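These are my notebook entries on one protein chain. I set down what I looked up, entry by entry.

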Amino acid sequence: MNFELGVATFADLSGGISPEQRMRNLLEEAELADQVGLDLFAIGEHHRADFVVSAPAVALAAITVLSSDDPVRVFQEFAELDLISGGRAEIMAGRGSFIESYPLFGYDLDDYDELYAEKLDLLLAIRAGNPVNWTGKHRPALRDAEVYPRPVQDELPIWVAVGGTPMSVVRAATLGLPLTLAIIGGQPARFKPLVDLYDEAWDAAGHDPSDRRVAINTHAFVGETHHDADRAFAASYLQMMNVIGRERGWPPAGKPQYEALTAPDGAVAVGSPEEVAEKILMEHELFANQRYVAQFSVGAVEHQDVLKSIELYGTRVAPLVRAEVAKRSAPTVSAETVTVSE
């Protein structure tokens, strides 16, 4: 299986840009990612003034927030997207890092985890095929329900996206679902116990080891040089993270924190193509992940700089990473097993 490299974005709406222009930019970013040979382009869902996408499927998305969406509608939207794209759609279902969608759709935050578990269960029941028979607490039961359309793919891929909650990691492994781990701070090595926990739960559930799939998602930016990447990315990144930090009670971040995060052992993959490739490979060594997803457009990063980053990622980072991962994955042949015929 090839190592997959992709781009993720929440379509940040910053720097005075209009929602209409941001949507045009988003589609241009997706088109370029496809042109340079990347494997996926993922769009996240938020319901806030500082992000433009609240209905990811409409923008040809690959990610949705499941806890406040109806699983029947989610499946229908992504089945249609799968039909449109010829079998390229995926759902990345997370509980959501923001909570603004819960009151919008009439849900109680006290039911945060219960809602997610129940909705994921229903989504998997729908994916399994018609008719659907399901009973839960937070929506009416389904009895011999027929959910259409059905996707091109026999089994629409559903990834579980987590930010560090062990219970979510175990849930994904127990259900036999691939895991996407978002690392937005600290050092990637600190997240290894979560992947180890996933692997242990995967094995305990009796799943085939060859079916195990893990993706790592981080903030990233690629420039011709490290200086170019910092110039384009650092100020917007810090501004956005400090906005979110004030909401969540994080201490303010400045140059020292940014330099720690972008250091070789930090969570943010910023630098030249060679430096970014090295960080992706460092994480692959830690996690044995099969996919890496980079989030470039954080805050008010200029559109042309994002496009340049995507281009460098696809044309220079990806070949380095894929070649090294292929080399690491190649079977070794010991001298004792080689037979030479005369």
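**Entry 1: the aromatic cluster.** I looked up the aromatic rings and found that Phe-221, Phe-233, Tyr-237, Tyr-258, Phe-296 and Tyr-313 form one aromatic cluster. The model is a predicted one, in which local features need pLDDT of at least 70, side-chain atom pairs count only at pLDDT 80 or more, and totals for chains, interfaces and linings use all residues. Residues are numbered from 1 along each chain as its sequence is written, and side-chain values use heavy atoms, with hydrogens and water left out.

I noted the rule for a pair: rings of Phe, Tyr and Trp (its six-membered ring) pair if their centres lie within 6.5 Å. Planes under 30 degrees apart count as stacked, over 60 as edge-to-face, and the rest as tilted. By this rule I have six aromatic pairs.

**Entry 2: Phe-221 and Phe-296.** Why is the pair of Phe-221 and Phe-296 edge-to-face? The ring centres of Phe-221 and Phe-296 are 6.1 Å apart and the planes stand at 85 degrees, so the pair is edge-to-face. This pair links distant parts of the chain, 75 residues apart: Phe-221 is in strand β9 (residues 214-222), and Phe-296 is in the loop between β11 (291-295) and α10 (303-329). Helices (H or I, at least four residues) and strands (E, at least two) are DSSP runs, numbered from the N terminus.

I then checked burial, where buried means under 20% relative accessible area, exposed over 50%, and partly exposed in between (1.4 Å probe, protein chains only). Phe-221 counts as buried because its relative accessibility is 2%. Phe-296, at 1% relative accessibility, also counts as buried.

**Entry 3: Phe-296 and Tyr-313.** The rings of Phe-296 and Tyr-313 have centres 5.2 Å apart and planes at 85 degrees, so I recorded this pair as edge-to-face. Tyr-313 lies in helix α10, 17 residues from Phe-296 in the loop between β11 and α10. Both Phe-296 and Tyr-313 are buried.

**Entry 4: Thr-165.** I next found Thr-165 in the loop between β7 (158-162) and α5 (166-175). Is Thr-165 buried or partly exposed? Thr-165 is partly exposed, because its relative accessible area is 27%.

**Entry 5: the whole chain.** I counted 10 helices and 11 strands in the protein chain. Of its 342 residues, 50% count as buried. Among contacts (heavy atoms within 4.5 Å) with a separation of 6 or more, 68% are between residues 24 or more positions apart.
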